[in-house]
Amino acid sequence: MSNPCIICVAITGSLPRKENNPAVPVTIEEQIESTQAAFEAGATIAHCHVRNDDQTPTSDPEKFARLLEGLRKHCPGMIVQLSTGGRSGAERERGGMLPLKPDMASLSVGSNNFPTRVYENSPDLVDWLAAEMLTYDIKPEIEAFDLSHIHQAVNLMKQGKIKAPLYVQFVMGVKNAMPADKPTFDFYIETLERLAPGSQWCGAGVGANQLVLNEWSIAAGGHTRTGLEDNVRWDKENLAPSNAALVERVAALCEKYERPVATWQQARQILGLKAV
């Protein structure tokens, strides 16, 4: 049982809607049900956003509180990671849910282009979010959309603004940001291991790149992310049936590469999170 692979499931995100795939969970109840099925399929991190009734994204702490309560009840031991992403609110509104003390929260440490906008993460906002995560003992998942984001995360760690060891997610395949390029992916790993030995990393591919990054990550000994936030399709012809089905596909890849799927206990130990 050496080198288990942590599977993160990004259950809904900010953009996918029911029109894109009816399986996208939008309400709190749908998200809890979908996450429970993904948890039973092998996912041990739930990356979470919340939505308004009209499916638009929000950072409403009350909605996050209801989701967190439901996940802790129905997915005991699962690592809950709340998103501080920029589509859900402006400036410090993005971190308004951090006093809820989730296990983890996403942290983008720099700006970059998205398909139709700039994903802006000012140094002041990054410092504030990082400080809030320290205050509430939340482990950040560094969202690396660019090589510079790895360097910046290391700088923040050296300044004591982020606790070691780092957990960095390489996000590839977003239009106008870093493409899913294997030599770049390999260099990301080498750079993180050189600058911050002992760090853990995860690969996340967007759209058709989801399965590509899943396989690259598992083969390279890292962790990986799947879910309807990143990709609503199973293949070119078919929609993904559920978050759980996407998790099952990743679990099958783990078996192919002789990587055990991490249990929630192992995932917490690997990431240095408290047992429950």
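Reply: Happy to! A salt bridge here is a side-chain nitrogen of Lys or Arg within 4 Å of a carboxyl oxygen of Asp or Glu. This is a predicted model, in which local features need pLDDT of at least 70 and side-chain atom pairs count only at pLDDT 80 or more, while totals for chains, interfaces and linings use all residues. Residues are numbered from 1 along each chain as its sequence is written, and side-chain values use heavy atoms, leaving out hydrogens and water.

By the salt-bridge rule, the count comes to 11. Let's start with a network: salt bridges link Arg-225, Glu-229 and Asp-230. Within it, the side chains of Glu-229 and Arg-225 meet at 3.4 Å, N to O. Arg-225 is buried, with a relative accessible area of 6%; buried means under 20%, exposed over 50%, and partly exposed in between (1.4 Å probe, protein chains only).

Next, look at Glu-215 and Lys-256, whose side chains form a salt bridge of 2.7 Å, N to O. Glu-215 sits in helix H6 (residues 209–220) and Lys-256 in helix H7 (residues 243–256), so this pair ties together parts that are 41 residues apart in sequence. Helices are DSSP runs of H or I with at least four residues, numbered from the N terminus. Glu-215 is partly exposed at 22% relative accessibility, whereas Lys-256 is exposed, at 55%.

Finally, Arg-17 and Glu-19 are joined by a salt bridge of 3.0 Å, N to O. Here Arg-17 is partly exposed, with a relative accessible area of 27%, and Glu-19 is exposed, with 57%.

How values were computed. Helices (H or I, at least four residues) and strands (E, at least two) are DSSP runs, numbered from the N terminus.
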